[in-house]
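Please keep the sequence and the model in view while reading.

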Amino acid sequence: MTPRDLAEYFLLRDEQRRAGAIGEAERETARGLLANGELERSAAAERWVGDRPDDALAGLTRACAEVDEAARAIGVSVEPIAEASDAPARYDALLTHYEHTRAEVAALVASRVKRWLRRGARLLIPISVVLLALFVRKVRKFVHPIASGAFSPKYDARYAIDGRPDTAWIAPDSTHAWIDFELMPPRPVKWIRMLDTRNSPNNDREVKEFRIEFWRDGKPVDAVEGSYPGGERPGYIRVAVERPWNVEKVRFVIKTYAERGGGLAEIEFH
Ligand SMILES: [Ca+2]
């Protein structure tokens with residue numbers, strides 16, 4: 001057993017001890033507050049993308065207040081929110097606080113379930129096999145993003161498929177960059193739904209024209225050229241694919257852009 005294993009063991013013991021001291025009523029209260037917080041966070045993300053930074057920050061502050069109250073309801077001390085000089089830094093600081101606090105509270109609220117699972121492990125083996133089969137079916141449609149580059153790790157390729165309109169892959173400045181999406185296993189793509197980014201509230205990124213390539217056997221076999229409608233607030237667009245090849249990779253290429261470059265907030269393959 002390494003020192004790290006030992007540390008994790010004691011951390012787990014400590015979490016079990018803390019979780020054991022929480023009553024069911026407090027758990028219920030905390031769960032309700034976490035749910036409220038998630039609604040506020042989700043709405044704040046929409047407002048951030050919708051170029052309403054003040055409303056977004058106010059909503060995210062309310063989300064933090066909900067998770068803080070959840071933490072206090074189960075006796076967890078609340079960390080202060082980091083200071084920030086401007087709106088993007090404030091948004092990051094609030095989101096970091098929200099996610100950290102929410103994760104800690106959720107782990108403690110769920111701990112009773114974890115202990116029950118450990119006790120009933122033998123009975124659960126057949127159920128686990130079924131769950132594993134369902135998991136394998138789910139990952140059957142796995143999408144793996146790889147970009148030619150990113151402005152910074154905060155704008156990594158994975159943010160183009162994280163389901164959140166307020167996060168994005170952002171290309172390095174002034175580049176006709178591309179981002180690949182490996183479809184595992186290969187499958188036909190009939191249409192694509194995607195959302196441009198403005199890097200709100202900086203509003204210094206915009207893709208004008210793009211090309212979407214469909215790859216098979218290691219080479220492009222078809223492509224769709226297109227452009228976004230523009231405007232201050234990007235909305236989702238739908239791109240039809242005339243010949244739905246059985247593709248192993250889809251490449252999104254930034255052909256032209258405005259301001260400092262382009263990116264991609266979200267993409268889905270159907
Ligand atoms: Ca995103």
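Lys255 is part of strand 8, where strands (E, at least two residues) and helices (H or I, at least four) are DSSP runs numbered from the N terminus. The model is a predicted one, in which local features need pLDDT of at least 70 and side-chain atom pairs count only at pLDDT 80 or more, while totals for chains, interfaces and linings use all residues. Residue numbers start from 1 along each chain as its sequence is written.

With 14 other C-beta atoms within 10 Å, Lys255 is partly exposed; a residue is called buried if 20 or more other C-beta atoms lie within 10 Å of its own, exposed if 12 or fewer, and partly exposed in between, with C-beta atoms placed from the backbone. Once residues up to four places away in sequence are set aside, Lys255 touches His176, Glu209, Phe210 and Arg211, a contact being a pair of residues whose C-beta atoms, placed from the backbone, lie within 7 Å. Trp178 is 77 residues from Lys255 along the chain, and their C-alpha atoms are separated by 9.1 Å.

Strand 5 and strand 6 pair in the antiparallel sense over eight bridges, and Ile212 has Val224 in strand 6 as its bridge partner.

Ile212 leads on to Val250, which is in contact with Phe181, Leu183, Val189, Ile212, Phe214 and Phe269, leaving aside neighbours within four places in sequence. Val250 is, together with Ala168, Trp169 and Leu264, among the residues with the most contacts inside the largest nonpolar core, which has 30 residues; such a core is a set of buried Ala, Val, Leu, Ile, Met, Phe, Trp, Tyr and Cys residues joined through C-beta atoms within 7 Å. The elements giving two or more residues to this core are strand 2 (169-170), strand 3 (178-188), strand 4 (191-195), strand 5 (205-216) and strand 8 (246-259). A second, separate core of 22 residues includes Ala56, Leu60, Cys64 and Tyr98.

Definitions and conventions
Contact = placed C-beta atoms within 7 Å. Pairing = 2+ DSSP bridges.
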